[in-house]
Amino acid sequence: AVCSMGNSTSRLYSVLAKTLSSGAVSQHQDCLEQLDSAQLDPIDPKDLLEECQIVLQKRPPRFRRNFVNLKKNSGSNHRPIRVMQWNILAQALGEGKDNFVQCPMEALKWEERKCLILEEILAYKPDILCLQEVDHYFDTFEPLLSRLGYQCTFFPKPWSPCLDVEHNNGPDGCAMFFLKERFELVSSANIRLTAMKLKTNQVAIAQTLKCHETGRLFCIAVTHLKARTGWERFRSAQGCDLLQNLKSITQGAKIPLIVCGDFNAEPTEEVYREFSNSSLNLNSAYKLLSPDGQTEPPYTTWKIRPSGECRHTLDYIWYSQHALNVNSALGLLTEEQIGPNRLPSFNYPSDHLSLVCDFSFNQDPDRLL
């Protein structure tokens with residue numbers, strides 16, 4: 001049974017299969033309620049990766065992406081902090097609402113797609129993981145990632161569109177995970193974003209962490225703003241609300257900040273300018289991959305819907321440029337890798353690319369907290 005979680009590979013495979021089945025929450029609710037994640041046996045990430053690869057053996061191998069070294073002589077002597085940002089595509093939306101006309105339904109099967117998502121996470125080994133469109137938190141990500149040493153937080157959308165899909169797995173939302181061996185949680189805030197003084201369906205999580213190695217404090221936030229053309233002013237209002245919350249949490253930028261999110265906004269939008277020009281002194285990490293250091297990537301999402309091809313830059317990792325350095329960033333998939341049918345696909349589980357950056361603290365003693 002799913003409650004008896006042992007360390008052997010066969011037991012682990014059984015747990016992976018059962019814990020991640022789409023009906024796991026309803027079928028094993030009593031078990032999930034009885035078990036505290038701290039009581040569960042740790043999982044060796046190599047074993048979990050091996051089990052994922054067994055499930056995926058009939059699929060083509062995952063794409064290879066390289067990190068681009070961006071480090072200047074910062075003088076940092078601590079281990080970098082790896083942050084991963086990813087809209088993983090809610091299962092209910094992928095199967096029921098998003099209409100990826102060039103993606104075979106077989107490629108979206110949760111039994112295999114969940115393993116592609118896990119394989120991507122395990123490949124990059126983030127210290128902090130920020131996800132959007134998570135609708136399998138309680139039966140997949142929390143049970144497994146807690147056993148990999150992460151502290152887990154989830155904040156669902158109040159009116160998730162996933163709930164409109166038959167046989168859904170509950171609402172989607174934002175999730176944040178950090179390695180307990182590296183960080184201590186100082187404070188945590190679940191933020192329901194407002195626009196024009198009205199509460200909206202979009203949310204954010206902001207957590208202040210203390211780095212064990214350096215003793216430094218920093219704030220990490222994850223969000224997912226309103227989608228679709230025509231909602232630009234709405235996104236701008238949501239962005240202003242989030243920035244106001246983060247100013248309070250960071251004591252007006254005294255605490256360094258990293259903000260991960262699917263902003264559903266191109267760099268030409270007002271909400272992007274608000275973050276660029278904020279008193280929090282934020283910069284977008286992925287601009288540093290461009291030759292001039294001032295240009296966002298040409299895309300972070302690429303899909304084909306009935307209305308046509310959609311190629312946009314919507315996903316960002318913002319950071320306090322006075323207090324943090326970007327040591328490296330994961331390169332994007334090329335058009336050749338993505339292929340003519342675009343995303344998602346048998347190779348890649350989401351319509352959004354994962355973004356991964358390695359950060360270090362600026363060693364300016366006047367900035368130490």
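The structure is a predicted model, in which local features need pLDDT of at least 70 and side-chain atom pairs count only at pLDDT 80 or more, while totals for chains, interfaces and linings use all residues. Residues are numbered from 1 along each chain as its sequence is written, and side-chain values use heavy atoms, with hydrogens and water left out.

## Overall architecture

The protein has ten helices and 15 strands, assigned as DSSP runs numbered from the N terminus (helices are H or I with at least four residues, strands E with at least two). Of its 369 residues, 57% are buried, where buried means under 20% relative accessible area with a 1.4 Å probe and protein chains only. Among contacts with a separation of 6 or more, 78% link residues 24 or more positions apart, a contact being heavy atoms within 4.5 Å. The protein exposes about 16000 Å², of which carbon and sulfur atoms supply 48%, with areas computed by the Shrake-Rupley method.

## Lys287

Lys287 is found in the loop between β10 (282-284) and β11 (301-305). Leaving aside neighbours within four places in sequence, Lys287 is in contact with Tyr272, Gly293, Gln294, Thr295 and Glu296.

## Asp351

Asp351 lies in the loop between α10 (335-338) and β15 (355-361), and with a relative accessible area of 3% this residue is buried. The side chain of Asp351 makes a polar contact of 2.7 Å with that of Lys303 and another of 3.5 Å with that of Ser350. A polar contact is a pair of N or O atoms within 3.5 Å; within protein, one must be able to donate a hydrogen and the other to accept it, and residues adjacent in sequence count only if both atoms are side-chain atoms. Not counting residues up to four places away in sequence, Asp351 touches several others, including Leu89, Phe100, Trp302 and Pro344.

## Strand β5 and its partners

Strand β5 (residues 173-179) is largely enclosed by the rest of the structure, because seven of its seven residues are buried. Strand β3 (residues 128-134) pairs with β5 in the antiparallel sense over five bridges, where pairing requires that DSSP finds at least two bridges between two strands, and Val134 stands opposite Gly173 in β5. Strand β4 (residues 150-156) also pairs with β5 in the antiparallel sense, over seven bridges, with Tyr150 opposite Leu179.

Notes: Buried < 20%, exposed > 50% of the residue type's maximum accessible area, 1.4 Å probe, protein only. Areas by Shrake-Rupley, 256 points an atom, 1.4 Å probe, with all protein chains shown as cover.
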